[in-house]
Amino acid sequence: MLFELVYGRILDFLRRDFEEDEVKVEVYKEGFKLVTFDGVLEMVKGAEYTIPRWIAEILGKKGYVRIKDARIPVGELSVLAYNEEASPHKPLTNKLKGFFYMAMFKARKEIVEEAKSTGDLSKFDELKRIEDSMDSILKTRVKKLLNYSLLPDVQQDIEEKLSEEEKYLSRTLRSILALWRRKLGE
């Protein structure tokens, strides 16, 4: 119970970090300004800017901007899944950027909404392929993370390949195992 409470709070922080993560946007409309810590930013139509995700989503819903590279194409996701599955006993093969899983689950929700609003049945095929690839990536990489959590230190090159969510999971697993070992010796 306490673990769920603490873990839930930490996931809230991860979600907040995801929303604060900066994304590239392309401006579609002129005539608006964005107030930042650095000053007032005059948004120019056709230009690209890097802004926090939560601001980009608000502006996107209003039609002012489009978030660039919001989704990993299904083909690339399938390749990531294949690379991980093809080498289950080797170190992590793919480098996952930023908040990979949260971005993919958000994309999944968006595809469902698109399918509902447009009636485009091909979106469900895309959704199925994304879900299959995500399932493969999750299963394979979590197994590898479990193995890494048993090592005294995770190598820097492995740490660099982890998404932000995986870094958190890795630290959590290492802490749980260290506590478990310590309690066994009492």
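Reader: How do H5 and H7 lie to each other?
Author: In this predicted model, the axes of H5 and H7 (residues 164–184) cross at roughly 40°. Under 35 degrees counts as roughly parallel, over 145 as roughly antiparallel, 65 to 115 as roughly perpendicular and the rest as oblique. H5 and H7 are therefore oblique.

Reader: How are residues numbered, and which pLDDT do side-chain atom pairs need?
Author: Numbering runs from 1 along each chain as its sequence is written. Side-chain values use heavy atoms, without hydrogens and water; totals for chains, interfaces and linings use all residues, local features need pLDDT of at least 70, and side-chain atom pairs count only at pLDDT 80 or more.

Reader: Within what distance do the axes of H5 and H7 come?
Author: The helices are DSSP runs (H or I, at least four residues). Their axes are fitted to C-alpha atoms over the stretch in contact. The axes of H5 and H7 come within 9 Å.

Reader: Which residues of H7 meet H5?
Author: Contact means heavy atoms within 4.5 Å. From H5 come Arg141, Val142, Leu145, Leu146, Tyr148 and Ser149. Their partners in H7 are Glu166, Leu169, Ser170, Leu173, Arg174 and Leu177.

Reader: How many nonpolar residues does the contact of H5 with H7 have?
Author: Two residues are polar and three are charged. Leucines such as Leu145 and Leu173 take part. Leu counts as nonpolar. The contact of H5 with H7 has nonpolar residues numbering seven.

Reader: What is the hand of the crossing of H5 and H7?
Author: A crossing is right-handed if the near helix is turned clockwise from the far one by less than a right angle, left-handed if anticlockwise. H5 passes H7 in a crossing that is right-handed.

Reader: Now H3. How is H3 oriented relative to H5?
Author: H3 (residues 74–86) packs on H5 (residues 122–149), with axes 9 Å apart. The angle is about 30°. That makes H3 and H5 roughly parallel.

Reader: What is the hand of the crossing of H3 and H5?
Author: H3 and H5 pack with their axes at about 30°. Their crossing is left-handed.

Reader: Which residues of H3 meet H5?
Author: H5 brings residues including Glu126, Arg129, Ile130, Met134 and Lys144. From H3 come Val74, Leu77, Ser78, Leu80, Ala81, Glu84 and Glu85.

Reader: How many charged residues does the contact of H3 with H5 have?
Author: Glu84 and Glu85 in H3 take part, as do Arg129 and Lys144 in H5. Seven residues of the contact are nonpolar and four are polar. The number of charged residues is six.

Key. Axes are lines fitted to C-alpha atoms, for helices over the stretch in contact, and angles run from 0 to 180 degrees between N-to-C directions. Helices (H or I, at least four residues) and strands (E, at least two) are DSSP runs, numbered from the N terminus.
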